[in-house]
Each structure stands twice: as C-alpha cells, then as structure tokens.
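Hi,

Here is the structure I promised to send over. My notes on its rings and its ligand follow below.

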Amino acid sequence: MSDHKIESILTEDRLFPPSDDFRQHANIKSRADYDKLRTEAEQDHEGFWAKLAHTEISWSKDFTKTLDESKAPHYSWFTDGELNVSYNCIDRHLEKNGDKIAIIFEGEKGDTRNITFKELHKEVCLFANALKAKGIKKGDRIVIYMPMTPEAVIAMQGCARIGAIHSVVFGGFSAESLKDRIEDATCKAVITADGGTRGGKVIKLKAACDEALAKGCASIETVFVFKRAGNNVAMKDGRDAWVHDLTAGLSEECEPEWVNAEHPLFLLYTSGSTGKPKGIQHSSAGYLINCIMTMKWVFDIKEDDIFWCTADVGWITGHSYVAYGPLANGTTTVIYEGAPTVPDAGRFWDLVERHKISIFYTAPTAIRALMRLGEDFPNRHDLSSLRLLGTVGEPINPEAWIWYNKVIGKEKCPIVDTWWQTETGAHIISPVPGAIDTKPGSCTLPLPGIAVDVVDEAGESITEPDRGGYLVISKPWPSMLRTIWGDEQRYVDTYWGKFNNRLYVAGDSCRRDKDGYFWIMGRIDDVLNVSGHRLGTMEVESALVAHERVVESAVVGRPDDIKGEAIFAFVVIKGERPTGADADALVADLRKWVTKEIGAIAKPDDIRFTDNLPKTRSGKIMRRLLRSIARGEEITQDISTLENEEIVKQLQGKF
Ligand code: WTA
C-alpha cells in the first residue's frame, strides 16, 4: 500500500482548513461570511440573485422581473432584460483591460500564442461577420466540431455575438454522433477545422464532418473550416468555405445582437438513460450570472490570476470554465491542445511552470493517471505559482486527493471539489476555498443561493447523518437548464416527474455527514461515468446491437482505478457463441464498431459473449446481477426469479 493510500485512510474525516495566507486574501474570507451570504439568499432568493445580476452583468436593457414561475417546472429569469453574452465576455473589458491577455494558447508541439482582449474582440467580430455573410441569423443552430484551440472559443463567442445558438460536439465523437446531433437540432451550419492534434496524431475533423453530411444532415447549408493541422481536406463547392478566405476584407467590428435574457445561448448534448442523448438548452443571462459568480466564489478569481481548466470545450466544463466564465470575469485563461503525456507525463506541470498558472482545474481521472506515473514528473517543475486546485466530473478518491494536495499543491493550495452537471450550468456544491474547510472526497457544501437537499423516496428531507438519498435542488437557480431541445416532455419527466414537479432530481445519490457535508455516492440511473464523461449504458447497447452479428447486449459499469468506471458489455450474437480466436477477433471488431458509432470514449473495456442475458420471468434484464458479475463479486443476491439460472456461470466466464 502506498503512503498516500495509508494516509488517506487515516485522514478521511480530517478537516483541511485553508492557510491563513489564502484566507486573508480570499474573496470570501470566513465561514461567517459564507453563512451570511447563504442566509441572505435563503431569506430572499429572488432578491439575492437580482442584486448580483444587476451589478455583475452589463445589460443593454436592465430587467425588472427576476423570476417567472408561472410555467413551472419551466422557469425563466430576468425575463425582460436584454444583453449580449459576447459583449459581457469581451467588449466590456476593452477600455480598462484591452491589452490584457485573454487567452494563452499552447499546442502539443509547443507552439504558443497570446491573445489579448482587443485581439479576441477583433477575431470574434471578424468571425461573426463571416457567419452573417453566410446568412446565419439569430436563433439559428450551429454545430461546432473543433479541436481545442482558441478558434473553438472564437466560434462560440462569434455565435453568441449574433444570437446564433451553438451546439458544440466534442471532437472525439464520431461522424455518426455528429450527424445525430446535427439532425436533432436541425443545424444550419457546421464550424470545424481541417484537423486537430493529440498524442502526435492528426484528428481529421473535416473528414468526419464530410462523412456525417454524406449520411444526411439536410439542414446544413455551410461548413466553416478553420485551418489548424494543415492536413489535406476536400472542400465542397458552394458548401464549404475556409474561414480565412471568408473573413478577408470583412469589418473588424460587429455590433452585438442584443437578445432577451432567456434567449438560448447554447445546446449541449449529454447522455441520459435512453439511447438518445439529450440536447440540454441553456439561457443567456441566467447561465452567465452563475458562471460569473462561481468564478468569484469557488475559484476566488483575482485580476492577476492565470486560470487553467483542462476540459475540452466539447463538455459543459469547457463551456462554463474555458469559453464563458473566465472571459466574463476578464480573466486570463489557458488553452492547451494535446495530450497530458506528450512529450512526457510532466506536460501539465511544465505548462503550469512556464505560464505561471495560479488556478488549476482538472478531472480526478487525470489526477489518478498522472499519480500512477510518479512524483518525479511534477517534482521536476516549479509549481510555486499555484494557489488553488480544483476537480470536477466524478467523486475523487481520498488517495488521489491527498496526492494532489501534497505533490501538486505542496499542502498550501485549497482543493475545490466541485459538484455540478451539464444541466446545472455551473457549480452547485463546492467548497468556497477561503471559508470552508475541506474533507478529501467530499464536495462539502452548497453555494450561496443554491437550495440543495437530500431526500427519501417520499421527497422528505433526510436529516440524519450518513443516510443516502436522492440529491435534489429545491428552488430554481439562474443557470438551470431551460428544457431539452425538442422534447419538453422528456425534460419534465426526467428532472421533475419523480417528486411532483417540486424538486429537480439530479440523478445522483448522496449522503450528508454529521457536519452537513455532501458526499456524492454515484448515479441512480443507467448512466456511466467513464473518465469523468457521462455515457448512457443504452447508448452503448444500441451501438452494439447495430452490429450485424449482435442480437442483444447489456452494458454495465465496473470500477476502474484510473477511469473511475470502465465499460463491461455482455453480448449475445447470432448463432454459436464464439470462442478462441473467433471471439478475440469479434471483440476487436466490436470495439472498433462502437468507436465508429459513438466515439472512442464509449469503447467497451470488456466484452463477454453469452448465450443469453439474465432475465426475470417478466423479461427484465437483471442489471444488478450483471454489475456484480462485472465487478467479479460473489453472487449473494437472490437469483431465484431468474428465468435461466444456469446462465450465471457463463456470464461469470466460467465456461
Ligand atoms: C458526476 C460535469 C462527484 C455526477 C460537470 C454528475 C461528480 C455528473 C462531481 C455530471 C463531483 C460531477 N463529485 N460526482 N465533484 N462532478 N459529477 O453533466 O454524477 O458531464 O451527475 O457534468 O458527473 O456530469 P456532466
């Protein structure tokens, strides 16, 4: 057992207070200040958010109505206000901070680029004018399928500037997934690049777009192509255009389109418990205010911070803490395109040292992967610029937390373990670092103005310590999702149905300890969390059964040291159950197939062939049994309701 592991067991319930130095300079300096804010919000929920929105957002028309609950569980915020999110992220900083660096970019090969707010303004305006020149208008949906470069942010900001609604699709998703998302939102254009770089390889994004468009996507009129990797691409006449050609000669000014507070800023698809991802729809002003406030409360942001969130813009974390939150606060933000292990496992720490990063935010899976490669890599770098660390995406195991604290933070940087979701838009439960003592593995306490509860099956609050229940949010909050694109009913059913439209059900189980600290226990639905990324078991199952040799499949998660959860697929194929070389070949083929259908993140780690799936007499697949088998556990549960009891040995791989 490693020292960190031993210590993590000993310290699981120990409190880690911030250093005096951190506390003194923090935006919120004490538990008393935090309590005061929370009480203020509890006493006047609307007034609390109204005050912040009035002062922190630059409105073209200020709002008079804060919260409209008349169509609950559809809520709207700041309903008669008007603003532009891109103006808030860029223009309003120009006078005082035009020459401040907005984005520090570094490519995998080491190429770097600094972009000031003034330059960002120019690039965004040029691109917005290119969108307009191609007939893109307010309300049009635009798909963004980009490598992790400043142009991804420019594309998002460009859309926001003219009121177009972007839908970013992670560059690791396949052509098939891209097509589904384009069609679901009837997108009018694609913004992509020739290619991106990761692990020394070129990811051919434009080629994947071409493949998606060849299969359908009739609504697409234009493909905007940024030049990045320099790989050869096919350009279709009349449809595809290089951005540098389009912007040549266009104006470097583009008046922002002032939109209503509720105007959709973006859609972002995420996995649910069916085979079809959900297009989560976010608003403009409500989303923005929570991004701004969480930067201040959770990341304790200051004028001279250099902030690095390692998430790709394809995920909500990249939206809120790369593309919008930092810029709206006038913060310098770092973007890195590439793998964390190129040229070696010290790359993150090398970036921290060279760019003097002060706040570093990443996923537990990355921490665990780098932890495994040893302390030498971080120890070779000067990490003294760091003052705050964060994690997101999945529970962090105490061992990794202790390592992060010691080896990266040198025991002087608080760690903010932030719980939130695509649907919540911004942090919901997280330490406020100058005020809340942390505990390894706990996301601690809800943020001010956010009403979180843990309830039982009847929707009653659970007050006794350590009893698990449903994690719910009991009052609307500004950055909450507004709906699921094109599926109002699914929005209501998924998030509100369980407790009579009264509580937002997050889909996670949770307990509170004796200090009221929240501990996330995992999902309660069929959603996996693989390397911090959400994936529906049904999505993987649908991909598998689309293969010509597969009849049926059941996918479950099993714990994995690095990824958090790994994907285990039980598969029934046509004809004889394969064995030996045939089985190996089919496993390889199925893994390739799923990569093509969804993307590499959905590739099953284990595939086991079986003659049948374990079903009850009513035909329901016993997933709990499959989960135990995937974990290699003894079968202790009652399998007498199983229609085909003898299948268990086969599922266990025993014959
Ligand atoms: C999980 C990512 C424990 C959780 C921002 C949630 C976490 C899902 C944490 C949302 C955390 C996220 N501790 N679990 N700090 N953060 N999760 O939509 O299950 O990609 O419901 O948003 O990730 O994933 P999503």
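Tyr75, Trp477, Tyr491, Tyr495, Trp496 and Tyr504 are joined into a cluster by ring pairs (Phe, Tyr or Trp rings, the six-membered one for Trp, with centres within 6.5 Å; planes under 30 degrees apart are stacked, over 60 edge-to-face, the rest tilted). This is a predicted model, where local features need pLDDT of at least 70 and side-chain atom pairs 80 or more, while totals for chains, interfaces and linings use all residues. Residues are numbered from 1 along each chain as its sequence is written, and side-chain values use heavy atoms, without hydrogens and water.

There are 34 aromatic pairs in the structure. One of them joins Phe348 and Trp349 edge-to-face, at 6.1 Å centre to centre and 90° between the planes. The pair of Phe348 and Phe360 is edge-to-face because the planes are at 70°, with ring centres 5.8 Å apart. Both Phe348 and Phe360 are buried (under 20% relative accessible area, 1.4 Å probe, protein chains only).

Now the ligand: 17 residues surround it, the closest being Asp417, Thr418, Thr422, Arg523 and Arg534 (a heavy atom within 4 Å counts as near). A backbone N or O atom of Thr418 lies 2.8 Å from a ligand nitrogen atom, and a polar side-chain atom of Arg523 is 2.8 Å from a ligand oxygen atom (polar contacts are N or O pairs within 3.5 Å). On its own the ligand has 520 Å² of accessible area, and the protein covers 96% of that (Shrake-Rupley, 1.4 Å probe).

Best wishes

Note on methods
Buried means under 20% relative accessible area, exposed over 50%, partly exposed in between (1.4 Å probe, protein chains only). A polar contact is a pair of N or O atoms within 3.5 Å; within protein, one must be able to donate a hydrogen and the other to accept it, and residues adjacent in sequence count only if both atoms are side-chain atoms.
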